[in-house]
Amino acid sequence: MTFAPLSRRTFLVGAAVISTCGPLRMRASGSGRSVEYSGTADSIDVYEAEAGQKRKVQSVASRHPSSITLDRTGRYLFAVNKIDDFEGLPTGSIESYRIEPADGHLGLVSRVSLSLSATMPQQLALSPDGWFVVVAAYGGGVYNVLPVLPNGEIGSVIQAVKEIGRGINGYRQFSAHPHSIVFHPSGKFLFGTDEGADRVNVFRFDDGNLTCLQRVSTVPGSGPAGLAISSSGSQLVVKHAFSTSLGRYRFHSGCELLTSC
Amino acid sequence: MDKRQDPDLFRACRGAGGGNFGVITGYLFDTLPKPPGEVISGGLSFDWASMTEQRFVDILLTYGEYWATRGKDKHTWGLFSVLNLQHSDAGRFGLSLQFCNPDGTCRDLSVVNQFLDRFEPCKPLPEHSAIRGDRQVSNDAPAGSACPGQHALTRRLWLDATVEGSGGSSSRAKYKSTYMKKSFTAAEAKCIYKHLKQTITGVDLRGSMLAVDSYGGAVNRADLVPETAISQRSSIMKLQFMSFWKNSADDAGRLRWMSDFYLDLYSSNLVPAQYAGTPYPDEHYEGCYINYPDKDMLAYQFWPQLYYGGGDLYPFLQDVKQRYDPHNVFHHAMSVRPRQRQA
C-alpha cells in the first residue's frame with residue numbers, strides 16, 4: 001500500500017501522516033536538502049533537515065491547519081483551517097502558499113472562506129489535474145469544491161454538497177461528519193469517510209462537479225475516519241474512530257462500484 | 001405543531017423562526033381578535049435647513065419622553081408612531097403615526113392630539129398642519145379624506161392602511177437595529193444630529209435614515225417570555241438604521257457612514273465597556289432585533305446575546321436546533337448555530 005503519488009519538480013512527497021487531531025506533518029525533499037512542513041495550533045512551521053538535524057527556519061501564521069498538501073508541481077502548498085468562525089461567519093477557511101524554489105519558504109497566496117456551515121474542515125484533497133481542491137468539513141457535514149487558479153490562488157466555492165445522516169454512537173454521531181477524502185488516481189472519483197453517519201461515500205468528479213454515486217455502510221457505531229488508497233486506485237483501507245478494526249474495500253472503476261473485502 | 005404538539009419548536013418559531021429550523025408551509029389560527037374598523041394616519045414634518053442642534057435634541061427628547069411615560073398608559077396603546085430621521089441630504093424629516101381607539105373606531109382623537117401638541121414648540125412645518133378648529137373626525141368622512149383639525153390627519157379603513165404602502169424599488173439596502181428601554185439622553189440626540197448632518201464627499205446619503213418606532217403595549221408582557229423566542233419585553237422604542245441605494249459603487253460610503261454612526265452612538269458610558277460599540281441588553285438598551293439582520297454584529301463573539309438576550313433563550317434555541325435540524329440544513333450567516341464538537 002502506498003499513498004497516491006504527487007508528481008515532482010522541486011520537492012518530493014516522502015510521507016504524510018493523517019491524524020484526527022493535532023499537528024500534521026508533511027516531508028518534502030529537494031536536491032540535497034530536506035524540508036518539512038508542520039501544522040501547529042496557530043501556524044505552519046517550515047523546518048530544514050540535514051544529516052538528521054532539524055531546524056525551524058520559518059513560521060507562518062495559520063489557524064489550526066488540520067490538513068496540508070502540495071500541488072503536483074511542488075510550487076504551492078495548500079492548507080485547510082479547522083475553525084468554526086471565519087471573518088465572523090460560521091465556516092472554515094482554506095489557504096494556499098507559494099513555495100520559494102530556493103529554500104522552500106512559504107508566502108501566502110490566498111485565504112478564502114468555505115461555504116456557510118462548512119465548519120471545522122478536517123481534510124482537503126487536490127484533484128490530480130491540480131485544477132480543483134475538495135474539502136471535507138467535519139463540523140458542518142458538508143463537502144466543498146473550489147477552483148485552483150494557475151497562479152496558485154484559490155477561487156470561491158463552486159459547489160457545496162450537504163450531508164445528512166447519523167449513527168448509533170451517542171453525541172459523537174448525532175450528525176454527518178465527513179472526515180477524510182482521497183481522489184482516485186484517474187481523478188474521476190473521490191472517496192470520503194463519514195465518521196458521523198457510518199459510511200464510505202463514492203463520488204463521481206467531473207470537471208469540478210461532485211455527484212454521489214454510492215454510499216457503503218460500515219459497522220454501526222464504528223465511525224469510519226482515516227482513509228488510504230492504493231496507487232492503482234483499486235483498494236481502499238479505512239480506519240475507524242470508535243473501533244480498533246480496519247475496513248478493506250475494493251473499487252471496480254469499470255462498473256463504478258465499491259465493495260467490502 | 002402548537003403548544004401541545006412539538007411545544008419547544010412552536011416556542012422557537014414564535015420569534016426565532018427566521019430560516020433556523022425549517023419551512024412553515026401553512027398556518028391555522030384558532031380565534032383571532034376582531035380587527036379595527038378604521039385608523040387615523042397623520043404626521044409632522046421638520047425642515048433641515050432651519051434645524052438647530054438644540055431643536056433637534058428637543059424633538060428627540062419630546063418623542064422619547066412620551067413613550068417612556070404617557071405611552072405606557074394602556075389608553076394610548078392604539079397609537080403607533082415612527083420618527084423618520086432622514087439624513088440632512090434629504091432636506092427634511094418627519095413624524096408619522098397611526099391610531100385607533102380600543103373599540104376599533106377613531107371617534108375620540110384626544111390621544112393623538114395630546115401627542116402631536118407636544119411637538120408644537122419644536123416648530124413643525126406649517127404646510128403639514130391643517131387649520132385650527134374641530135379635531136374630531138366625522139364618522140361619515142370618506143376614506144382618504146383630510147380631517148379638520150390642527151394637524152393633518154387622514155382617515156382610512158384599517159384593511160387599506162394595513163395592505164398599502166409597503167415595498168420599495170431600491171436594489172441595495174443596509175439595516176441595523178436597537179431596542180431602547182429609556183428615552184434618549186441629550187448626548188445621544190446630539191450624536192444622532194451630528195451623523196445626520198455629516199456629509200461625505202462623493203457619497204449621496206439621501207435614502208439614509210434612523211427610524212425611531214414607538215414600541216411597547218402588550219408586547220411588553222413579561223409573561224410572554226417563556227412561551228416565545230423574543231426576550232425584549234421592556235422597550236419603549238425600536239430603532240432602525242436604514243440606507244437604500246441603487247449602485248454598488250456607493251456601497252462603501254453608505255456602509256461606512258452607518259457603521260461609524262452606530263459605533264459612535266454605542267460607545268458612550270451607557271454601554272458597559274466590554275460591550276462597547278453595541279446596544280448590549282442592560283439598563284438603557286435591550287439589544288437588537290433579529291428580523292433586521294445585521295452581519296456586522298457577527299464580529300462580536302456575544303452577538304447571540306444582542307439578539308436573544310443573556311438568559312437561557314439562545315441555549316434553548318440551540319437545543320431545538322439540535323433536535324429538529326441536527327444537520328444544520330437550514331442555515332444562514334445569522335442562524336442559530338449548532339453546538340460544535342471536535343473531531
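1. The contact between the two chains draws 29 residues from chain A and 15 residues from chain B. Contact here means heavy atoms within 4.5 Å. This is a predicted model, in which local features need pLDDT of at least 70 and side-chain atom pairs count only at pLDDT 80 or more, while totals for chains, interfaces and linings use all residues. Residues are numbered from 1 along each chain as its sequence is written, chains are lettered from A in the order in which they are written, and side-chain values use heavy atoms, with hydrogens and water left out.

2. Interface size is often quoted as the accessible area lost when the parts come together. Chain A and chain B bury about 1,600 Å² between them. That area is what the two parts lose on being put together, taken with a 1.4 Å probe and summed over both. Carbon and sulfur atoms carry 58% of it.

3. The rule finds one salt bridge across the interface of chain A and chain B. It joins A:Asp85 to B:Arg337, with the closest N and O atoms 3.6 Å apart. The criterion is a side-chain nitrogen of Lys or Arg within 4 Å of a carboxyl oxygen of Asp or Glu.

4. On the side of chain A that touches chain B, the classes are eleven nonpolar, ten polar and eight charged residues. Ala, Val, Leu, Ile, Met, Phe, Trp, Tyr, Cys and Pro count as nonpolar, Asp, Glu, Lys and Arg as charged, and the others, Gly among them, as polar.

5. Now the sheets. Chain A has an open sheet of four strands in the order β6-β7-β8-β9, with antiparallel pairing. Its edge strands are β6 (65–70) and β9 (106–113), each pairing on one side only. The twist averages 20 degrees from one strand to the next. Angles run from 0 to 180 degrees between N-to-C directions, with axes fitted to C-alpha atoms. Strands are DSSP runs of E with at least two residues, numbered from the N terminus. Two of them pair if DSSP finds at least two bridges between them.

6. Within that sheet, β7 (residues 76–81) and β8 (residues 93–99) of chain A pair in the antiparallel sense over six bridges. A:Phe78 has A:Ser96 in β8(A) as its bridge partner.

7. Another open sheet of four strands in chain A has the order β14-β15-β16-β17, again with antiparallel pairing. β14 (178–183) and β17 (209–217) are the edge strands. Here the twist averages 25 degrees from one strand to the next. β14(A) pairs with β15 (residues 189–194) of chain A over four bridges. A:Pro178 has A:Asp194 in β15(A) as its bridge partner.
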